[in-house]
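Reader: I'd like to learn how to read helix packing and chain contacts off a model. Could you walk me through one?

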Amino acid sequence: MTSTDVLDPSAPLVPGESAVGGRGLRAAVRDFSHNPMGMTGVIALVVMLLFSFVGPLLYPTNQTHPNLLLITRHPSAQFPLGTDAVGYNVLGRLMVAGQSTLEVGLAAAAIATIVGTLWGAIAGYVGGWVDSVMMRIVDALLAIPALLLVLLLTTLVTPSVVMVIFVLGLISWLITARLVRGQVLVLRQLEYVEAAHQMGERAWRIVGRHLVRNVIGTVVVQATFEVANAILLFAALSFLGLGPPPPAANWGGMLNDGLNYVFDGYWWLIYPAGLCIVITVVAFNLIGDAIRNSLEVRLRSR
Amino acid sequence: MTRYLVRRVSQSVAVLFIVTVIVFAILHFLPGSPARAILGMRATPAAIQAFNVANGYNRALPVQYVLYLNRLIHGNLGFSYHFDQSVGSLLVLDLPKSALLVGSSYFISLLIAIPMGIVQALRREKPLDHTLTTFSFIGYAMPTFWLGILLVVWFSSDLHLFPSEGPQGASVGAALSNPSALVLPVATLTIVTVAQFSRFMRASAVENLLQDYIRTARAKGLPDWQIVTKHLFRNSVLPIITLVGLSLPGVLSGAIIVEALFNYPGMGWLFWTATGAHDYPVLMGFTIVVAAATVIGNLLADIAYAVADPRVRLQPS
């Protein structure tokens, strides 16, 4: 471990002891439910999920065919948040855009978590030069700003939601890998791993059954932060014009469209989509912090 | 110390080497060939063949990589056919302007974030702490470009205080001659960075407040202000040294957005333009330079940290 690990916000107090399992999980859930910030995050997230996925069922709007007779209408009874530059209903579009934004965030974080956990667990368990090479690769990728990597990769592929998910997933696993590797280094010296080894369990089984399970707490915390980061990166990508093209909608893309009307006073093209992003990202960060705290509280009370 | 230095430096060299491999791999798998790009769509197959032979593109991949590495080591970052200039000269032109933007944002961020984190730690779980935490959570969750747009709407469109476009002109001097145009770009990057730094600073100060030496200082009757300035400040600022190195890639990502938004002619803006033009030599050259800056920044930060805190360098790896 290097000195930089000290700074990691998601590093547990006692490395290697954030195991969640059996009775511990229930205690962690209880701690979490008593954390007002965490519950705020959960409620905000549920609201955004309902808004994006149930909203369009209750409030169906046309989001595929532009209507040039209805461009940039002010908010009214018919259009609660007005219409945009090609006549889409902004409120309805926020809902549809929320779907792809949340999907990209969650799916990219899922890919990142799986890749990062396996990478870190293998590096930490195998050790030696394999570990060195694997971690130097992580360092190298971390040295390149995420946005540069995303821009490079998106010049390679045609932007679509699936492609964006893969690109974001493939650059977001690095911190997870580092954290998992750090914990596995500690875990693999514990008796039970040694015992499993002595009993002749295969290496991949030890990694999969014992090591990965015991780092799940850290991994889950990091995964919630990765969702938040992926949503922000996706928004940045859409702002730079490299998101999926219309009629596909996402919050960052909506903001990018609104950018042309900064000086026209069309506030409904600038505020709502940005607020949606902020609420969602804050929600995931609050949830991540609360999970981490609930895991740490259990450690302190032991 | 020497052992620690040798280990960190050799790690950094290895990391830089891997960066070049990654960048070379991406460069190689990019669609289109340099020959097509330089000679144009109507070039004959024979001309392309001749070009490839002349530039070594017909050789085996490992040989091409060695040639590429050799050019890099000699400072040749490639040639931009879009801008019709060498990447190196573009860099010399634009890097200082980005450094001005990033550097001043860093500086102001630290000036704000360090006291902010300490105050939060001293008043932790009190209304002031909750308010500031809320602000940093929101600042951290804001897409950089949205924050920039909001600042433009409020301070440029509504209040007419600052221009909505960054300072233009080819040199740092030109940028500095128009300081009011710098305000909004620097403010955007600063707010995002403060949100990030103050959380670390708060965590670091809280951790130090729980340490025995603070209790000892209290016990021997040191006044509170001396505990804060002499003991707490020094110890909790230390980890920020590494944070400054670590956060460089993130801040540079922010700079790309800020430069694109405010039309500020620095590296980020150039990179963004190059993306649109599929100008791969620029993209690659800049990626390498930025990665090298990050690796060297981290190395210097770690060395500074090891000098300041002997526990770091004595730690078994």
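Author: A crossing is left-handed if the near helix is turned anticlockwise from the far one by less than a right angle, and right-handed if clockwise. Keep in mind that this is a predicted model. Here, the crossing of α7(A) and α10(A) is right-handed.

Reader: At what angle do the axes of α7(A) and α10(A) cross, and within what distance do they come?

Author: The general idea comes first: a packed pair of helices is described by the angle between the axes and by the distance between them. In this case helix α7 (residues 174–187) of chain A and α10(A) cross at roughly 165°, and their axes come within 10 Å. Angles over 145 degrees count as roughly antiparallel, so α7(A) and α10(A) are roughly antiparallel to each other.

Reader: Which residues of α7(A) and α10(A) meet?

Author: From α7(A) you have A:Ile175, A:Thr176, A:Leu179, A:Val180 and A:Gln183, and they meet A:Thr218, A:Val219 and A:Gln222 in α10(A). That contact divides into four nonpolar, four polar and no charged residues.

Reader: How do α3(A) and α10(A) pack?

Author: Helix α3 (residues 90–126) of chain A packs against α10(A) at an angle of about 135°, with the axes 8 Å apart. That makes α3(A) and α10(A) oblique to each other, and their crossing is right-handed. Among the residues making the contact are A:Ala108, A:Ala109 and A:Ala112 of α3(A), along with A:Ala223, A:Val227 and A:Ala230 of α10(A). By type, the contact of α3(A) with α10(A) has eleven nonpolar residues, four polar and one charged.

Reader: Let's zoom out. What is the secondary structure of chain A, and what share of chain A is buried?

Author: Chain A comes to twelve helices and zero strands. Buried residues make up 51% of its 302 residues. For sequence separation, take the contacts in chain A with a separation of 6 or more: residues 24 or more positions apart account for 75% of them.

Reader: And how many helices and strands does chain B have?

Author: Chain B has 15 helices and two strands, and 38% of its 317 residues count as buried. Its C-alpha atoms fill a box of roughly 85 × 60 × 30 Å along the principal axes. Of the contacts in chain B with a separation of 6 or more, 71% are between residues 24 or more positions apart. The crossing of α5(B) and α9(B) is right-handed, and the contact divides into 19 nonpolar, eight polar and one charged.

Reader: Last one: how many residues does each chain give to the contact between chain A and chain B?

Author: In general, the size of an interface is often given as the accessible area lost when the parts come together. Here we have residue counts: 39 from chain A and 48 from chain B. On the chain A side, the elements giving two or more residues are α4 (128–143), α5 (146–156), α10 (216–239), α11 (251–258) and α12 (271–300). The largest share of that side, seven residues, comes from α5(A). The residues on the chain A side divide into 30 nonpolar, seven polar and two charged.

Technical notes
Residues are numbered from 1 along each chain as its sequence is written. Chains are lettered from A and ligands numbered from 1 in the order in which they are written. This is a predicted model: local features need pLDDT of at least 70, side-chain atom pairs count only at pLDDT 80 or more; totals for chains, interfaces and linings use all residues. Two residues are in contact if their C-beta atoms, placed from the backbone, lie within 7 Å. Helices (H or I, at least four residues) and strands (E, at least two) are DSSP runs, numbered from the N terminus. Ala, Val, Leu, Ile, Met, Phe, Trp, Tyr, Cys and Pro count as nonpolar, Asp, Glu, Lys and Arg as charged, and the others, Gly among them, as polar. Axes are lines fitted to C-alpha atoms, for helices over the stretch in contact, and angles run from 0 to 180 degrees between N-to-C directions. Angles under 35 degrees count as roughly parallel, over 145 as roughly antiparallel, 65 to 115 as roughly perpendicular and the rest as oblique. A residue is buried if 20 or more other C-beta atoms lie within 10 Å of its own, exposed if 12 or fewer, and partly exposed in between; C-beta atoms are placed from the backbone.
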